[in-house]
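Hi,

Here is the structure I said I would pass on.

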Amino acid sequence: MARMKFLCDADRCIDCNACVTACKNENEVPWGINRRRVVTINDGKPGERSVSMACMHCTDAPCAAVCPVSCFYTTADGVVLHSKDLCIGCGYCFYACPFGAPQYPRVGNFGSRGKMDKCTYCAGGPEPDNTPLQYEKYGANRLSEGKLPLCAEMCSTKSLLAGDGDIIAQIYKDRVAQRGYGSGAWGWQTAYRETIET
Amino acid sequence: MATLCARFRLIVAATAILIFAVVALPATAQQPNAVNPTADAVKEQQLLQQFNRIQGLGQIPDTKSYVIEQPMGRVWRQFHEVWLHWIGSIAVLGMLALLILFYLIRGMVRIAPGRSGVKIVRFTAFERFMHWMTATCFIILGLTGLNITFGKDVLLPLMGPSAFSSWSRAAKYAHNFVSFPFTLGVILIFVVWLAGNIPNRVDIEWIKRGGGIVGHDHPPAYRFNAGQKAVYWIVVLGGTAVAVSGYMLIFPFYVTNIAGMQIAQAIHGVVALLFVAVMLAHIYIGTIGMEGAFEAMGEGTVDLNWAKEHHSLWLEEEGARTGPGEMLRQPAANHGFSVTDSNVSRS
């Protein structure tokens with residue numbers, strides 16, 4: 001089985017936000033929630049870089065470890081998913097997540113958190129694949145149809161890569177070798193405890 | 001004339017080319033042969049080492065999403081999953097074990113001369129209401145809080161995922177809502193019992209003589225002895241700490257950012273677990289640990305002999321204030337104590 005990962009080549013990202021829009025449309029994400037976002041570091045200064053970030057589907061995921069009701073599970077492809085039926089909206093996965101991926105629709109009292117929503121790697125949730133129920137709760141299940149997440153598929157500069165970790169790491173390595181520079185595989189050290197030697 | 005014109009045009013053209021060449025040459029000379037667009041580029045590792053997290057500017061309105069990496073989350077996970085479990089288990093189970101051991105060795109502390117049959121008012125109805133409101137809230141908050149940290153290890157295997165989630169969801173709501181009367185109770189306790197809980201010299205002697213817990217001594221005490229004062233300040237300070245840190249978590253991002261919320265959760269967890277351990281001891285001494293203690297907060301009165309043993313100076317004060325015969329049905333609250341050195345010298 002492949003170990004699915006995301007890789008954002010920040011030297012290619014042009015901050016067009018197509019990945020954000022594609023994600024929202026494909027998954028019909030609830031209002032106010034962005035499973036993916038593009039953030040520009042050192043905006044307007046020399047050497048600024050934009051990075052597209054979402055759930056990185058960590059190895060030994062912190063969200064899963066801290067969940068008080070153990071609602072997370074990792075698929076055979078290494079994708080970290082959760083059950084919205086079990087989630088109690090406590091906010092702990094948000095404290096633990098190094099990438100700010102979990103988000104909660106505001107429901108009821110105070111800033112009270114509803115059931116957590118995050119990137120599913122376009123792989124749905126615990127319900128049977130490609131059922132309306134699964135789509136309503138978690139969005140598209142492209143992985144079961146043999147397709148990759150739409151954010152990466154739509155990336156106009158192929159900055160955002162999705163797929164088997166070894167393959168996308170090799171693509172990035174080749175790019176860096178050819179053009180002679182690379183600002184690194186953002187988040188890989190934190191998420192996967194490994195960097196891409198270039 | 002025609003040749004003059006042609007010659008002039010030639011001179012103009014030559015000058016123009018010369019000027020162009022002079023202006024353009026330095027420009028091309030400045031352009032290096034190999035371009036390195038990443039010379040100034042931000043590097044992930046460098047940013048993480050410098051700031052411990054990475055944030056920038058985004059386009060969506062959700063400004064908290066501009067933090068794209070905060071590896072501190074892994075540290076918080078270590079705290080919550082390992083350290084907090086150890087702290088909690090040792091504090092709560094250790095206290096339970098100690099209390100059981102103490103009970104087996106010492107048993108219930110009896111009123112040595114037996115009950116006199118004469119009752120003296122110790123806590124007014126309002127004081128008891130205040131105490132029991134806070135106590136009820138504390139038990140609910142304690143159990144639902146323990147569930148968040150230990151439930152998945154203890155209850156989840158017993159209840160199954162679905163039932164455990166339903167219970168935990170209700171527990172979360174209870175925890176959030178009950179926090180309000182609890183906070184009110186802590187504030188009331190602080191205000192109403194402050195006067196009797198200022199530490200003084202009597203406390204030092206009380207502690208030196210083991211407070212009657214160690215040994216069978218009965219050191220003198222005013223309305224609250226040093227042990228009760230300790231419980232008071234633990235409730236006031238600990239209650240404030242859990243309330244403030246708790247509201248920072250109920251209202252995410254109102255007061256603090258993600259790093260502040262991690263610290264708030266750590267304080268909330270540690271203080272709350274130690275609080276539970278201390279309250280177990282408080283419950284013990286107020287029920288099976290000591291004869292005649294529970295009725296003080298239960299019915300509001302205590303036996304005269306109990307008061308003589310445990311709060312001799314308070315009893316004298318009450319007697320002096322109301323006269324020995326009248327004090328029996330007088331509420332003990334609504335008056336401030338002024339503990340002076342002259343009082344202390346009696347002991």
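What share of the contacts in chain A with a separation of 6 or more comes from residues 24 or more positions apart? The figure is 56%, where a contact means two C-beta atoms, placed from the backbone, within 7 Å.

Before the rest, some housekeeping. This is a predicted model, so local features need pLDDT of at least 70 and side-chain atom pairs count only at pLDDT 80 or more, while totals for chains, interfaces and linings use all residues. Residues are numbered from 1 along each chain as its sequence is written, with chains lettered from A and ligands numbered from 1 in the order in which they are written.

Chain A contains 7 helices and 6 strands (DSSP runs, H or I of at least four residues and E of at least two, numbered from the N terminus). Their order is β-α-β-β-α-β-β-α-α-α-β-α-α.

One sheet includes both chains: it is open, with 3 antiparallel strands ordered β3(A)-β2(A)-β2(B). Pairing here takes at least two DSSP bridges. β3 (49-53) of chain A and β2 (57-58) of chain B are the edges, each with a single partner strand, so one side of each lacks a neighbour in the sheet. Strand β2 (residues 37-41) of chain A is joined to β2(B) by 2 bridges, and A:V39 sits opposite B:G58.

Cheers
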